[in-house]
Amino acid sequence: MSAINSDITEALSYTVMQLSDVSKSEKQVYSEIGHVLPSVVTINEIIMTLKQLLFPEFFYASHSSEAMRQYHIGVGVDRLFTMLRKQISAGLHFALGKFCDDAVVADAATEKAAQAVAELPELKRRLYTDIRAIFNNDPAVGNEAEVIFCYPSVKAMLHYRFAHLLHSLEVPLLPRIITEIAHSETGIDIHPGASIGEYFSIDHGTGVVIGETCVIGRNVAIYQGVTLGAKNFSLDSEGHPVNIPRHPIIEDNVTIYSNASVLGRVTIGHDTTIGGNVWVTHSVPPYSRVLQGQMRSETFVDGAGI
């Protein structure tokens, strides 16, 4: 072995030794979680299976008959339930710590997975209202099938609505992983704790942020760069942020244009339009139009008006 190869081998061995040594930071993190961790790879498989079940003609092979469609959906439901039960179990272990009762966790995971699967028809119905809303709000789209194939907001809403379902079933960790996968792929950041009504439309989508305690009604349309966020945080006696309602309430039939920010626990009344690049930190009554101030051009002569 040459001297160069020997040096490289020694350097690699030293790196392996260093990485194998459990650091103080790692020990602190590991001490707070259970011994079984969810798999991001499997969660991605769950999402793909979910897409095939909700939109079988788009993300599955075409079916020659109704019987074949039912057969493939049956296989998919069984596969989804099996993967989901295991990942929910891992999430519960993660949240409850190393000394939780395995049998109790297994029973809880089975029940929650079954409840989630039972809600898939309703989840599908809600997603089709979103697809219809996107189609109605965008003259650039030819039909609803194009929306399903092409629009990142459909991906974001599929992830969000499924994650919100799991969140409502008190499944830990998985909902955040699911929405953050969509965030990384679409640029649309929706917390699974947010409540979003039917016929929700996001056009373009990049840079949209919807916070955890946000409540959004029906027939709401938002555009790229919109932030529905918190204005500030309340802290407890130890200086940690307190998880209380801190994001906006958006009532029915509201449109919010690009790069607008609505911050704090304020209410935007129904049938209101928020213009682009507007900063809103107060409640707005129904039927309002909140727009930027108009630019003024003035001439000052000999210091007059200054």
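**Note on salt bridges, a surface patch and a cavity**

1. E57 is partly exposed because its relative accessibility is 39%; the classes are buried under 20% relative accessible area, exposed over 50%, and partly exposed in between (1.4 Å probe, protein chains only). R69 is also partly exposed, at 27%. A salt bridge joins the side chains of E57 and R69, at 3.1 Å from N to O. This pair links distant parts of the chain, with E57 in helix α4 (residues 56-59) and R69 in helix α5 (residues 66-96), twelve residues apart. Here a salt bridge is a side-chain nitrogen of Lys or Arg within 4 Å of a carboxyl oxygen of Asp or Glu. Helices (H or I, at least four residues) and strands (E, at least two) are DSSP runs, numbered from the N terminus.

2. A word on the source. This is a predicted model, where local features need pLDDT of at least 70, side-chain atom pairs count only at pLDDT 80 or more, and totals for chains, interfaces and linings use all residues. Residues are numbered from 1 along each chain as its sequence is written, and side-chain values use heavy atoms, without hydrogens and water.

3. D130 and R161 form a salt bridge, with the closest N and O atoms 2.8 Å apart. D130 sits in helix α7 (residues 120-137) and R161 in helix α9 (residues 152-168), 31 residues apart. Both D130 and R161 are buried.

4. R246 pairs with E212 in a salt bridge; the closest N and O atoms are 2.9 Å apart. Here two loops are linked: R246 is in the one between β7 (227-229) and β8 (249-250), E212 in the one between β4 (209-210) and β5 (215-216). R246 counts as buried because its relative accessibility is 14%.

5. The structure has eleven salt bridges. A network of salt bridges links E122, R125, R126, E198 and R218.

6. I4, I8 and L12 make a nonpolar surface patch with about 310 Å² of accessible area together. I4 belongs to helix α1 (residues 3-20). I4 counts as exposed because its relative accessibility is 60%. Patch members have over 30% relative accessible area and no salt bridge; nonpolar side chains (Val, Leu, Ile, Met, Phe, Trp, Tyr) are joined within 5 Å, like charges within 9 Å. Areas come from the Shrake-Rupley method with a 1.4 Å probe.

7. There is one cavity of 30 Å³ or more. A156, Y160, T179, A182, I188 and I190 line the largest cavity. Helices α9 and α10 (174-186) each give two or more residues to this lining. A cavity is a set of points on a 1 Å grid where a 1.4 Å probe fits but cannot get out; lining residues have an atom within 4 Å of a point.

Key. On a 1 Å grid over the protein atoms alone, a cavity is a set of points where a 1.4 Å probe fits but cannot get out, and a pocket is an open set with protein on both sides within 12 Å along at least five of seven lines; lining residues have an atom within 4 Å of a point. Grid points are joined across faces, edges and corners, and a volume is the space filled by probe spheres set on the points.
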